[in-house]
Amino acid sequence: MKATWQRFKSSYLLYSFRRDKVAMASFAVLVLLILTGLAAPLVSPYNPYDPSSIDIMNSELPPAWQDAGSRAFLLGTDVQGRDMVSTMIYGLRLSILIGCGAVTLQALIGIFIGLIAGYIGGKVDALLMRLADIQLSFPYLMVAIFISAIFQVAFGIGRYAELAVPLLIVIIGLSEWPVYARTIRASVIGEKNKEYVEAARVIGLNRRLIMVRHILPNTITSVLVISTIQVANAVMSEAALSFLGLGMPVTKPSLGSLIRSGFEYIFSGSWWITIFPGILLVIFVLVINLLGDWLRDVLNPKLYKGA
Amino acid sequence: MKKMMIVLLSVLLIAAFGSLAGAKTLKVGLDADPVSLDPHVQLSGGMLQLSHWVFDPLVRWTQKMTFEPRLATKWKRIDDLTMRFYLRKGVKFHSGNPFTAKDVKFTVERLKKSVDFKGLFEPFAGVKIIDDHTVDITTKKPYALLLNMATYIFPMDSKFYSGKDKNGQPKDAIVKIGPSFALNHESGTGPFKVTYREQGVKTVFERFAGYWDKKSPGNVTKMILTPIKEDATRVAALLSGDVDFISPVPPQDFMRIKRDANVNLFTYPGGRIITVQMNEKRRKEFRDVRVRQAIVYAINNAGIVKTIMKGTATVAGQQSPPGYAGHNPACKPRYDLKKARALMKAAGLEKGFTCTMIAPNNRYVNDEKIAQAVVSMLAKINIKVNLKTMPKAQYWDEFDAQVADMQMIGWHSDTEDSGNFSEFLVMCPNKKTGYGQYNSGNYCNPEVDKLTLAAQSETNLKKRAAMLKKIEKILYDDAAFIPFHWQNHSYGARKNLMVKPIINTMNFPYFGDLVIK
């Protein structure tokens, strides 16, 4: 344990992190957001998912600093009378959970299939890539409608609310894995005939070890870049699904569905319903992107050697 | 040469302005385009609006929900089954043909053939021509709503619509999908005739020079109808002056329109009631009248109207809106959280229970938001509601399958009469007769059934109204459903349009009578 810590302390990763202000700031913001999300019940002033605490007569109150605003609701309330601050914190938690969960699932499936397809090649490759084609030709909405129809028959509407989060992770995860598989496969094909792989093969390492320990680290940079985009995508997909009645129940809005529901009010003057969650989502996606950029530079062996 | 051209052009320009001085053009932006020029192809609000512009009914509704003579000048009940109509003389169709009793007979027979109108005209036996300007309309059983139904009879030009068109199809064929003569030709007696039409893009109407109603104050000479589907775009079109009149106006934009100096906002109480039904077959709790009452007491429907609907609806305590025969002033909206809690306690359900609910999210104005508000209101009496909302395309299948314990439905009476609500929404569901077809609450009270059926054939209107009022009272005491509100119709118009006199509960703006200043 101590040795690992020592190694980490003297690693290039930490070294470059401590010299990169943007990375440090992004990391701090990300940690803050994730902590806030995780500690939502402790941090937020109200519990917006508890319907008995909402009063319709508080609906569409502007932020506290405006004339009609109330001190009780710092950033105002939405159309149902939910406190915006609390709803955003709870929504952020959901969005982090769904976004990261779905991307992890996508990445696991995608990397596994991409590695095998790229390294083994031949018929296996052809088969797996056609599978990916088929998957890509299904829009995720169709997958979502299909899976949620089965879910609903199996569990009924009553249980649906509880199962919505894992369901969304599975739907979004399953529908987007080919993005990873394609990218990984391409870089594996580029890597597998290089000298270091040949060398590994010559000293008699088995295939699994070569794939995981030698080739994968050299392809991981592209995974990180895609992941940053995919997290944002997953959050968007979730908002779209929620609108169609296939995602989160309307009584538990995520950040995405909160933004969407605010759209129709933006012209009518109630701008805060969509602007504040929008800013939060932009910040969230931006810091992930910045961290991804930095990580790509650090992990890129070519850049490392050059430096 | 050049000089001559300039002189000529200026003369033309002056002439053009001269003729424009008396011309009043009205540009209308609605959310949907009428599907056809044939009024019998579809039973929908949009088609009936068009019928009032291009055709004329025998009688029509006024703002006070009384009957106004149009093509029928007088009517008289001869016996329980027959009503005699005296038709207006000297009326001409757009084609130039004179309007006679034959056209009324032709139209009623065509209505009975139309897939959409067949059901409504089922009680009708037929039309007997007495002379050129007198007809007897008979029903199979004594039928109280004969005059209500006469508002659906828009006489069509029987001569114009007979024979065959160039495809060899009879001109009076009612074709839902595909070409037909009536799809793009019309000859009615109405204030406007259609001069240009491109489906879904633009329809141009011009005032019919031979229109019979010389007393009509209307001065619109040309009307251009453009469908604008997007709410925000429609509002923007009105504010920028691209159109003079829009409907509907989304509630969230009411303040914007009110604030604008060039346009006015008009609302008119409509007849569509929004309700939530509690399924007594699925949940034994809902069989207890105290639980149903507690739920109704817990719903702050006045609050919903004030906040979510922005005051664009009328709070309801019953099915029938004011003006309907069955409207019972004693059934007032009730919201009393203390009483709701007490009732739950009396029912032994202080700790509450969990149930499911479904609602559409694009069918009624703010339907999804209303459903969400229900969840938080019922949470206050410890009833936990698991809500699922979905687009209307999926919703009605789920509604019919009764997948949830509580289901939302809105209803507008086709006959503008209270009986229609009870027949479809609260009578005991019966697959054979079709009564209670949309009663997903499975509320069943033999007395309500008896009264509703009796009211159908009671031709003494006073007695009938008393029956209908009694039904409302029973439903109120039984808390048969959760009433929310009647949606208002909303219109936005430029300041020089005198819109107030031409709007009504049915959402049929009578543009023939519109005055532009």
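**Reading strands, burial and cavities**

Q: Which residue stands opposite Q407(B) in strand 16 of chain B?

A: I358(B) stands opposite Q407(B) there. Helices (H or I, at least four residues) and strands (E, at least two) are DSSP runs, numbered from the N terminus. This is a predicted model, in which local features need pLDDT of at least 70 and side-chain atom pairs count only at pLDDT 80 or more, while totals for chains, interfaces and linings use all residues. Residues are numbered from 1 along each chain as its sequence is written, chains are lettered from A and ligands numbered from 1 in the order in which they are written, and side-chain values use heavy atoms, with hydrogens and water left out.

Q: Which strands pair with strand 16 of chain B, and in what sense?

A: Two strands pair if DSSP finds at least two bridges between them. Strand 14 (residues 353-360) of chain B is joined to strand 16 by two bridges in the parallel sense. Strand 12 (residues 263-278) of chain B runs antiparallel to strand 16, with six bridges; T275(B) stands opposite I409(B).

Q: Why is strand 16 of chain B largely enclosed by the rest of the structure?

A: Buried means under 20% relative accessible area (1.4 Å probe, protein chains only), exposed over 50%, partly exposed in between. Six of the six residues of strand 16 (residues 406-411) are buried, so the strand is largely enclosed. M406(B), M408(B) and G410(B) are on one side, and Q407(B), I409(B) and W411(B) on the other.

Q: Is P57(B) buried or exposed, and what does P57(B) contact?

A: P57(B), in the loop between helix 2 (45-54) and strand 2 (59-61) of chain B, has 0% relative accessibility and therefore counts as buried. Contact means heavy atoms within 4.5 Å. Leaving aside neighbours within four places in sequence, the contacts of P57(B) include R70(B), L71(B) and T151(B). P57(B) and T151(B) are 94 residues apart in sequence and 5.6 Å apart in space, C-alpha to C-alpha.

Q: Where does R82(A) lie, and what does R82(A) touch?

A: R82(A) lies in the loop between helix 4 (40-43) and helix 5 (84-120) of chain A. At 5% relative accessibility, R82(A) counts as buried. Not counting residues up to four places away in sequence, R82(A) touches residues including P48(A), V250(A) and Q372(B).

Q: How many cavities of 30 Å³ or more does the structure hold?

A: Rolling a probe the size of a water molecule over the atoms shows where empty space is left. A cavity is a set of points, on a 1 Å grid over the protein atoms alone, where a 1.4 Å probe fits but cannot get out; lining residues have an atom within 4 Å of a point. The structure holds five cavities of 30 Å³ or more. Among the residues lining the largest cavity are T275(B), Q277(B) and Y443(B).

Note on methods: On a 1 Å grid over the protein atoms alone, a cavity is a set of points where a 1.4 Å probe fits but cannot get out, and a pocket is an open set with protein on both sides within 12 Å along at least five of seven lines; lining residues have an atom within 4 Å of a point. Grid points are joined across faces, edges and corners, and a volume is the space filled by probe spheres set on the points.
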